[in-house]
Amino acid sequence: SPTSPSRSPSRSSSINAGNTFAFSDIAFTVRPTKPSKKTILQSIGGSVKSGEVLGILGPSGAGKTTLLNALTLDAHSGVTTRYASLNNKPMTQSLFGTVVTQVDYHWAFLTARETVSCAADLYLADDSKAEKKLKVEEMLKKMGLLVCADTQVGNAFFQGISGGQKRRLSLAVTLIKQPQLISLDEPISGLDAGAAAHIMEFISILAREENLIIVATIHQPSTKVYNYFSQNMLLSCGRIAYYGPEKDATAYFARLGHEAS
């Protein structure tokens, strides 16, 4: 199972402290100039601070991935209206950070260490070779990947590292960039219940210790996974059904006549 991130704060954790990602009036419409236009998202807004994880929840078709794409400037085949900012600065691709997709895309024949080293060569161009090597080893330790550092990633045709390790490797590649904000599209997709809970625990600890802002879509979380979110946004038919702390959701729905079973 995943280990907790290193308890020693990284250089980026103090830099990221106090950040706020806010968005409002998010809407997404397809076929906007035709009579048959369809609104996928309508009047979505919220905010998340450094050290917090915002979970975007909802059934299939609720608009979770579309919302994530709209927030990350990656919504296509339609028209997006939005306002999103990081520390009151309008979001741009350079400010946004990075997106970790549902599928972990890695070169099968590279080891975990080689994968992170390649990322360091790409994103840390100003660092010396010795500095890059040190950061790679620190990242492998932080992500709990030292045990599989010299194991090939693998693919459908030969066994490599596990699904949970691939997920943490994707996070390692992302964190090498030292982002302020990370977007995760279904981070527990394809994992069993135990691995899913461990990964979400790992992500919540990572957000706190690195002072990261993390936004994640989740289709159908278990109670244990759900409890790791700082804030929850439940979507239904492209609108917000609930937005707030996870601990207040039960009481909110009870007031509306939907008692927990």
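Which residue in S2 is the bridge partner of Phe21? It is Val48. This is a predicted model, in which local features need pLDDT of at least 70, side-chain atom pairs count only at pLDDT 80 or more, and totals for chains, interfaces and linings use all residues. Residues are numbered from 1 along each chain as its sequence is written, and side-chain values use heavy atoms, with hydrogens and water left out. Helices (H or I, at least four residues) and strands (E, at least two) are DSSP runs, numbered from the N terminus.

**The four-stranded sheet**

- Four strands form an open sheet in the order S2-S1-S4-S5, with antiparallel pairing. Two strands pair if DSSP finds at least two bridges between them.
- Strand S2 (38-49) and strand S5 (89-90) stand at the edges. Each has a single partner strand, so one side of each lacks a neighbour in the sheet.
- S1 and S2 run antiparallel and are joined by eight bridges.
- Strand S1 (residues 20-30) also runs antiparallel to strand S4 (residues 79-86), with seven bridges between them.
- Ala22 stands opposite Ser85 in S4. Ala27 has Thr81 of S4 as its bridge partner.
- Helix H2 (residues 64-71) packs on this sheet and touches S1, S2 and S4. Contact means heavy atoms within 4.5 Å.
- The direction of H2 makes about 115° with that of S1.

- Strand S3 (residues 53-57) and strand S9 (residues 231-236) run parallel, joined by four bridges.
- Leu57 has Leu234 in S9 as its bridge partner.
- S9 also pairs with S10, in the antiparallel sense, over six bridges.
- Asn232 stands opposite Gly244 in S10.
- S9 and S10 form a hairpin with two residues between them. Cys237 in the turn has a positive phi of about 55°.

**Helix packing: how to read it**

- Two packed helices are described by the angle between their axes and the distance between the axes.
- Axes are lines fitted to C-alpha atoms, for helices over the stretch in contact, and angles run from 0 to 180 degrees between N-to-C directions.
- Angles under 35 degrees count as roughly parallel, over 145 as roughly antiparallel, 65 to 115 as roughly perpendicular and the rest as oblique.
- A crossing is left-handed if the near helix is turned anticlockwise from the far one by less than a right angle, and right-handed if clockwise.
- For residue classes, Ala, Val, Leu, Ile, Met, Phe, Trp, Tyr, Cys and Pro count as nonpolar, Asp, Glu, Lys and Arg as charged, and the others, Gly among them, as polar.

**H4 with H5**

- Helix H4 (residues 112-123) and helix H5 (residues 129-142) pack at about 130°, with axes 9 Å apart. The two are therefore oblique to each other.
- The crossing of H4 past H5 is right-handed.
- H4 contributes Ala112, Arg113, Val116, Ser117, Ala120 and Asp121 to the contact. H5 contributes Lys132, Val136, Glu137, Met139 and Leu140.
- Six of these contact residues are nonpolar, one is polar and four are charged.

**H4 with H6**

- H4 and H6 pack at an angle of about 20°, with their axes 9 Å apart. H4 is therefore roughly parallel to H6.
- H4 passes H6 in a right-handed crossing.
- Ala112, Thr115, Val116, Ala119 and Tyr123 of H4 meet Leu169, Ala172 and Val173 of H6.
- This contact has seven nonpolar residues, one polar and no charged.

**H6 with H7**

- Helix H6 (residues 163-175) and helix H7 (residues 193-210) cross at roughly 20°, and their axes come within 11 Å. They are therefore roughly parallel to each other.
- H6 passes H7 in a right-handed crossing.
- On the H6 side are Gly164, Arg167, Arg168, Leu171 and Leu175. They meet Ile199, Phe202, Ile203 and Leu206 in H7.
- The contact has six nonpolar, one polar and two charged residues.

**Aromatic pairs**

- The structure holds five aromatic pairs. Rings of Phe, Tyr and Trp (its six-membered ring) pair if their centres lie within 6.5 Å; planes under 30 degrees apart count as stacked, over 60 as edge-to-face and the rest as tilted.
- One of the pairs is Tyr242 with Phe253, which is tilted, at 5.9 Å centre to centre and 50° between the planes.
- Tyr242 lies in strand S10 (residues 239-245) and Phe253 in helix H9 (residues 249-255), so the pair ties together parts eleven residues apart in sequence.
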